[in-house]
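Please look over the sequence and the model shown here before reading on. The briefing below is meant to be read slowly, with the structure open beside it.

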Amino acid sequence: MNQRRRHDTDGSAYWGGEASFMDDITLVGAGTACGEYLRRYWHPIGLARDAGDRPRKVRALGEDLILFRDGAGRPGLLHARCAHRGTTLYYGRVEPEGIRCCYHGWLFDREGRCLDQPCEPDHGAKHRHGVRQPWYPVEERYGLIFAYMGPPERQPLLPRYDILENLGDGESIEADDSSIGSGGPVIVPCNWMQHYENVMDPFHVPILHGSFSGAQFVAAMGRMPEVTFAETDRGVRSLQVRPLDGGRRLDRITEVVLPTLRVVPDPRLDHHGPASSIGWVLPIDDTSFRIYTAGRVREPGELSRQRSRFGGKMWFELTQEEHQRMPGDFEAQVGQGAITLHSEEHLTSTDRGVATLRRLMKRQVAAVADGADPLGARRNGADPLVRLDAGNYIAS
Ligand code: FES
Ligand SMILES: [Fe+2]
């Protein structure tokens with residue numbers, strides 16, 4: 001823990017106390033309260049095309065995994081460490097029935113069953129059935145591969161979302177894994193919650209994106225909105241009301257759907273009506289995350305073209321000085337530290353959305369620890385369709 005420096009009212013400083021973070025809504029490892037909570041949902045761990053005949057490293061919720069696709073076209077997700085003597089399956093060979101470890105040739109199918117032990121008498125026929133390589137169920141949807149890493153008896157249905165269903169003529173679903181919308185590297189080096197709760201912080205938009213980074217979106221988004229927050233049956237939403245020219249009004253709704261979904265309508269306001277994409281925050285481990293997005297598009301590449309620019313440049317083209325002069329979400333969120341120190345914060349009335357999300361998340365984490373199913377984890381027989389409110393709506 002970090003020692004904390006306090007300033008007395010007379011301006012003198014002294015050291016005392018310990019600065020801390022809320023571990024129940026940040027830490028993602030197996031066995032932690034938050035990690036067990038997150039493991040009760042499906043998470044995207046790759047694009048559909050990431051699963052192929054070359055093993056691919058995946059790190060999710062602090063676990064090292066290997067993704068591949070077997071000869072029948074089915075994706076598989078196994079623990080990287082081979083159940084025999086522990087080398088990584090990253091160097092394995094994908095075969096029609098599964099993946100074969102490079103060291104002694106044990107062959108595992110996509111559910112971790114050991115099908116062959118070539119060094120053993122009779123290929124291990126007597127004993128190989130007693131070995132199971134740890135594995136997780138995966139399903140493909142919306143161009144993404146989702147994994148369930150929790151207890152098998154609690155596995156929920158993989159949800160569908162209304163804004164990504166019932167495509168019109170000429171529409172398709174596109175998936176993207178490039179980074180946070182406002183720009184940054186694919187892997188962002190800070191705790192996932194710093195990014196996630198930012199979605200319920202609409203007040204930073206006119207400051208960070210409307211002033212510091214230049215007018216990153218459109219002029220209307222630079223106006224300070226009137227905001228109301230509400231808990232929903234799936235997360236938290238914010239309604240932001242902004243005046244538009246001609247006496248009209250923009251009602252913009254953004255939502256978070258637990259545990260990691262961000263539903264943010266187009267901030268450039270090119271599209272009115274329901275949001276057209278969903279972003280999932282994947283905690284890689286306690287101090288890094290990445291984002292997978294799926295969206296409804298008319299042209300290939302549309303989703304990735306929605307990236308923000310800073311003075312006409314993409315994020316990765318900026319010099320260090322330009323990052324300082326035009327910071328965006330990456331700079332603000334990574335700038336909070338690897339895991340932000342909640343004990344050192346001073347929340348105010350405009351942090352209501354962040355506080356509401358944290359409280360809801362804490363209640364869900366506690367509910368899972370008490371043996372209940374968390375919000376939105378629907379099981380057999382339930383309707384897997386989730387209806388969302390997010391969108392940009394013009395009112396006069
Ligand atoms: S370590 Fe994998 S087969 Fe021996
Ligand atoms: Fe932002």
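Predicted model: local features only at pLDDT ≥ 70, side-chain atom pairs only at ≥ 80, totals over all residues.

Residues are numbered from 1 along each chain as its sequence is written, chains are lettered from A and ligands numbered from 1 in the order in which they are written, and side-chain values use heavy atoms, with hydrogens and water left out.

- His-204 counts as buried because its relative accessibility is 14%, and His-209 counts as buried because its relative accessibility is 3%.
- Buried means under 20% relative accessible area, exposed means over 50%, and partly exposed lies in between (1.4 Å probe, protein chains only).

**A nonpolar patch and a partly exposed strand residue**

- Ile-207, Phe-212 and Met-224 make a nonpolar surface patch of about 310 Å².
- Patches are made of residues with over 30% relative accessible area and no salt bridge, with like charges joined within 9 Å and nonpolar side chains (Val, Leu, Ile, Met, Phe, Trp, Tyr) within 5 Å.
- A salt bridge, in turn, is a side-chain nitrogen of Lys or Arg within 4 Å of a carboxyl oxygen of Asp or Glu.
- Ile-207 lies in helix α3 (residues 204-212), and Ile-207 is partly exposed because its relative accessible area is 42%.
- Helices (H or I, at least four residues) and strands (E, at least two) are DSSP runs, numbered from the N terminus.
- Glu-139, placed in strand β12 (residues 138-141), counts as partly exposed because its relative accessibility is 32%.

- In strand β22 (residues 288-297), 10 of the 10 residues are buried, so the strand is largely enclosed by the rest of the structure.
- In a regular strand the side chains alternate between the two faces of the sheet.
- In β22, Ser-288, Arg-290, Tyr-292, Ala-294 and Arg-296 point one way, whereas Phe-289, Ile-291, Thr-293, Gly-295 and Val-297 point the other way, and all are buried.
- Strand β15 (residues 172-176) runs antiparallel to β22 and is joined to β22 by 5 bridges, with Ser-172 standing opposite Val-297.
- Two strands pair if DSSP finds at least two bridges between them.
- Strand β21 (residues 277-285) also runs antiparallel to β22, with 8 bridges joining the two, and Asp-285 has Ser-288 as its bridge partner.
- The link from β21 to β22 is a hairpin through 2 residues.

- Strand β16 (residues 226-231) pairs with strand β17 (residues 235-243) in the antiparallel sense over 6 bridges, and the two form a hairpin with 3 residues between them.
- Within this pair, Ala-230 stands opposite Arg-237.
- β17 also pairs with strand β18 (residues 249-257) in the antiparallel sense, over 9 bridges, and Gly-235 stands opposite Val-257.
- The hairpin of β17 and β18 has 5 residues between the strands, and Gly-246 in the turn has a positive phi of about 80°.

**An open sheet**

- An open sheet is formed by 4 strands in the order β4-β5-β6-β11, with antiparallel pairing.
- β4 (56-60) and β11 (135-136) stand at the edges with a single partner strand each, so one side of each is left without a neighbour in the sheet.
- Strand β6 (residues 75-79) pairs with β11 over 2 bridges, and Leu-78 has Trp-135 in β11 as its bridge partner.

Terms used. Areas by Shrake-Rupley, 256 points an atom, 1.4 Å probe, with all protein chains shown as cover.
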